[in-house]
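Student: I would like a close look at one part of this protein, with the whole chain as background. Could you walk me through it?

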Amino acid sequence: MNSEFRTIALIGRYNSPDIGDSLLRLGDFLAKRGLEVIVESGTAANVGTIPYPVATLDEIGIRADLVVVMAGDGTMLNIARSLAPYGASLVGVNQGRLGFLTDVSVDTMFSTLEEVLSGDYTTEDRFLLDTAVRRQGQEIFKSLAFNDAVVSKGVTARIIELEVFIDGQFVYSQRSDGLIVATPTGSTAYALSSGGPILHPTLEAFVLVPICPHTLSNRPIAVNSESTVEILVLHADDAVVHFDGQRHFSLEVNDWVIVRRTKNAIKLLHPLGHSYYDTLRQKLHWGEKL
């Protein structure tokens, strides 16, 4: 097959007893087309004996032309953070529940991959957030986030106090349960459930969404993606910053959380005719009769 993708990496949902059969069938489908197939090491350990070479995520980032993630959105978030520095191209086959990111069904994965390998696909560049924690003038922690970086109270029930700056300009002080900084990708996740707007994935923007603000005039705002958002923790008994709900770091009073967009983007590949609005309508059940 004459394809720009010669080495295909397969990554499956961890601890899923059903992933092995689908992954091996997809590997066979690709190998019969003369393509090199490699399998992520954690996936291989979960599946068992496989006839393909095994590679770490870093090795996949270097070697693979295309990465097929057979999982749910949670796994896709983790993989995207790991492969973002390599500018990886991803196709998501939904093995989870909602499937905003892993939007190809198992039933159509062969036909979809056939189209992609033939060059019939569209590409969406999705940027991530590069977040750092600064304490007493020193950077002490860094993490990427595909959906969102969230500064919030921890296990205590008391609200926290924050000051927010954008590009060095003071914007507002806030007493709330926390603040979400979300990418367009993450605008349909925690930010949406907290009253934030849905941003189209191609928008060069991110959105700041307060969580249960003490003052109702604290509203979500969207800012240019080239902006730098700085959050100062003024008061908190037990503050934490979360990244995609999967990683976290404990904060102290006078800590700064600095959020910028990453230089590299993840490329999500879709079959021709893919519509983001169709996805929204399907996943959010718009237009259904009550």
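Student: What share of the contacts in the chain with a separation of 6 or more comes from residues 24 or more positions apart? And please zoom in on Ser 143: which strand is it found in?

Tutor: Happy to! This is a predicted model, in which local features need pLDDT of at least 70 and side-chain atom pairs count only at pLDDT 80 or more, while totals for chains, interfaces and linings use all residues. Residues are numbered from 1 along each chain as its sequence is written, and side-chain values use heavy atoms, leaving out hydrogens and water.

To your opening question: residues 24 or more positions apart make up 68% of those contacts, where contact means heavy atoms within 4.5 Å.

Now for Ser 143, which sits in strand S7, residues 138–145; a strand here is a DSSP run of E, at least two residues, numbered from the N terminus. With a relative accessible area of 4%, Ser 143 is buried (under 20% relative accessible area, using a 1.4 Å probe and protein chains only). Its side chain makes a polar contact of 3.2 Å with that of Arg 247; such a contact is a pair of N or O atoms within 3.5 Å, one able to donate a hydrogen and the other to accept it. Setting aside neighbours within four places in sequence, Ser 143 also touches Leu 129, Asp 130, Thr 131 and Phe 243.

As background, buried residues account for 51% of the 290 residues in the chain. The C-alpha trace spans about 60 × 45 × 35 Å along its principal axes.

Conventions:
Helices (H or I, at least four residues) and strands (E, at least two) are DSSP runs, numbered from the N terminus. Buried means under 20% relative accessible area, exposed over 50%, partly exposed in between (1.4 Å probe, protein chains only).
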